[in-house]
Amino acid sequence: MLKVLIVDDEPPARARLAQLLADCTPQVPLAIAGEADGGFRALEAVDRLGPDVVLLDIHMPDMEGIEVARHLAAREQRPAVIFTTAFDEHALQAFEVQALDYLLKPVRSERLAAALGRVKPLSAHEPKLEEVARSLGTARNNLTVSERGRMILVPVDDIVFLRAELKYVTIRTSSREHLTEESLTSLEGEFGERFVRIHRNALVARKSIHGFQRVKGGTDPEGEVSEGHWEVLLKDLPDRLPISRRQWPTVKAAAKP
Amino acid sequence: MKRPTAVALAAPAASRAETAVPTPRSVIPDGCNMGTLLRVALGVNAAAFVLTIAVARTEILPGFLGAAAVIEPVLLATLLTWCFLRRLALPFGAIVQRLLAWSTPALFTLLLLELFGLAGQGVRGELVFGYFALATGAGAAIQHYLELRARAFSPAVTEAKLQALQSRIRPHFFFNALNAALAIVRADPPRAERMLESIAELLRAVMGDVRKLVPLEQELDLCRRYVEIEQTRLGERLVVDWQVGAVHPRAKVPQLLLQPIIENAVRYGAEKVAGHCEIIVRVRQHGFRLEVFVSNPIAREPIQREGNQIGLANIRGRLALIYDLEATLETRVRRERFELTLSIPVENKPDA
């Protein structure tokens, strides 16, 4: 039996899907696991209820459906996702090309039954999903990170800097650190407007840059000669991050208001 | 009330209805229109200034001021006369109307020169003739420019532009509304019925003549129906505070003028911002102007707000086509709320 989660910010849209699911029960054995009225609650409900299928609205005020799906794709227990939308030319084209399943509102019950009949779970870091998101030009507003077996969301707005370490990227917010397996390059590609690359291994949030300080070169105790360079001073953290010589002109230009 | 129509429209039935953009039956410039007034005043003064520079060379400012003493009264008198002539000369053909328009500034120039006794003493006949020729030329140039302009904004062209701007009303909305109506059809048939009626009303307005003037009360009713649909869709999240003051019972506005403004507020207030959303709509009439104020909460991130400008550009485009310079639309962001103030002239014509 399929456990279905309904996600839509509009109460009548959820009611309508619940009615249609009830109509579909003779053909497709299913049960409604629950409803959620927004993206954050949807992710929480997925963790709590473990549905097999999520009917996911694309336009929601707190988090767009595409972003919800991207966070779901990062989970170990991944439900199948069927998107619902009223009318959105760009989104529809993206779906046509990527062949992800979607339903048009008002949804017809035969169409819903057919979609439920061929559900398959999201594959890890669903590449199609990434492509849809890219063609729609939607950057996430949160990053999913796994912490002691739980998935948590880190708002991109809170991030001060991102630094590539050996295998991971460290996400530094003003209050704590997280690790992610996503690459610095792909993060730069997605959030290039909010962050500036200051070094081969680091991105800094533009709004967190307080100023720059010149560090004099010299000889360190081990006898290595270092050249002078610039460092970024941050608004919320005492950390100082070195700027590579190659990036300095870009950083300087980007920091100008 | 019957009016002679100089330009035949393709749809005879539709053209009988009152429209926001009057058919140019008159080729005499509308001296009472704010847009015409500003354009003519600026144009004439700029031309006079350039001419003074060319002629006077050294004493530019005194020269310009001297010329202005003649130009300004003639300009004002001409505009005022055009304003009246426009109605009075309607029975005559375009050529007579044009001659009337051209001769107005020349006549006033002569009158002014006569009044100040300039014609008799000191000033030579050639100079008077020069002033006369200049005034006629200016009158002809202005009338010709404004006639060409009126043609460029002819009903057909304007309607096409208006249609293009209007058709951007979101299909999204209709599908979501139908979806919501379908959702309540089993549980609450009477409410679903009312909702479908409202959807039909909105569809009719969207597909109707975009220039049609409708009573303000009708446009407000359409807005209320629109809000009711959105409230069914979004639930208790959306609250609209209607503050409609006393307006003239015969006040008219172009159809679907207010609805897109309220739709914009719902779209960027309730659909982009999670949680409770209160929209304030204030409608007031001050003399011959109608003032509409709409305020809605707005997303904190500038990225989420961006689309707002597209919706507004559309509304501005329509206002410019219908009212030219006589409509003002001001917007500002204050305390995480978006505030819009619209001011338009009220059409107060009695019913035909």
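Okay, let's start with one pair of residues: A:Lys3 has A:Ala31 as its bridge partner over in β2(A). Before I go on, this is a predicted model, where local features need pLDDT of at least 70, side-chain atom pairs count only at pLDDT 80 or more, and totals for chains, interfaces and linings use all residues. As for labels, residues are numbered from 1 along each chain as its sequence is written, while chains are lettered from A and ligands numbered from 1 in the order in which they are written.

Back to that pair. Strand β1 of chain A, residues 2-7, runs parallel to β2(A), and six bridges link them. When I say strand or helix, I mean DSSP runs numbered from the N terminus: H or I over at least four residues for helices, E over at least two for strands. And two strands pair if DSSP finds at least two bridges between them.

So what order do the strands take in this sheet of chain A? Reading across, you get β2-β1-β3-β4-β5, an open sheet of five strands with parallel pairing. β2 (30-36) and β5 (102-104) of chain A are the edge strands, each pairing on one side only. On average, neighbouring strands here are turned by 25° against each other, direction ignored. Angles run from 0 to 180 degrees between N-to-C directions, with axes as lines fitted to C-alpha atoms, for helices over the stretch in contact.

Now look at β3(A). It joins β1(A) through four bridges, running parallel, and A:Val7 has A:Leu56 as its bridge partner there.

Is β3(A) enclosed or open? Five of its five residues are buried, so β3(A) is largely enclosed by the rest of the structure. Buried means 20 or more other C-beta atoms within 10 Å of the residue's own, with C-beta atoms placed from the backbone; 12 or fewer is exposed, and in between is partly exposed. In a regular strand, side chains alternate between the two faces of the sheet. Here, A:Val53, A:Leu55 and A:Asp57 point one way from β3(A), and A:Val54 and A:Leu56 point the other way.

What lies across these strands? Helix α2 of chain A, residues 39-49, lies across β1, β2 and β3 (53-57) of chain A, at about 140° to β2(A). Helix α3(A), residues 65-73, packs on the sheet too, touching β3 and β4 (80-85) of chain A, and its direction makes about 150° with that of β3(A).

Which residues of α2(A) are buried? They are A:Gly39, A:Ala42, A:Leu43, A:Ala45 and A:Val46. They sit on the same side of α2(A), because they cover an arc of only 165° around the axis; that arc is taken from the directions from the helix axis to the C-beta atoms. These buried residues pack against β1, β2, β3 and α3 of chain A. Just after the helix, A:Gly50 takes a positive phi of about 55°.

For chain A as a whole, count eight helices and 17 strands. Of its 257 residues, 37% are buried.

Over to chain B. There's an open sheet of five strands here as well, in the order β2-β4-β5-β7-β6, with mixed pairing. Its edge strands are β2 (238-244) and β6 (328-334) of chain B. Neighbouring strands are turned by 10° on average, direction ignored. β2(B) pairs in the parallel sense with β4(B), residues 277-286, over seven bridges, and B:Asp241 stands opposite B:Ile280. Helix α9(B), residues 216-234, packs on this sheet, touching β2 and β4 of chain B, at about 165° to β2(B).

Where do the chains meet? 19 residues of chain B are in contact with 16 residues of chain A, contact being C-beta atoms, placed from the backbone, within 7 Å. On the chain B side, α7(B) gives the most, with 10 residues.

Last topic, the cores. A nonpolar core is a set of buried Ala, Val, Leu, Ile, Met, Phe, Trp, Tyr and Cys residues joined through C-beta atoms within 7 Å. The largest has 86 residues, and among those touching the most other members are A:Leu5, A:Leu56 and B:Ile262. α9(B) gives the most to this core, with seven residues. Apart from it lies another core, of 22 residues, including B:Trp82 and B:Phe108.

Definitions and conventions:
Two residues are in contact if their C-beta atoms, placed from the backbone, lie within 7 Å.
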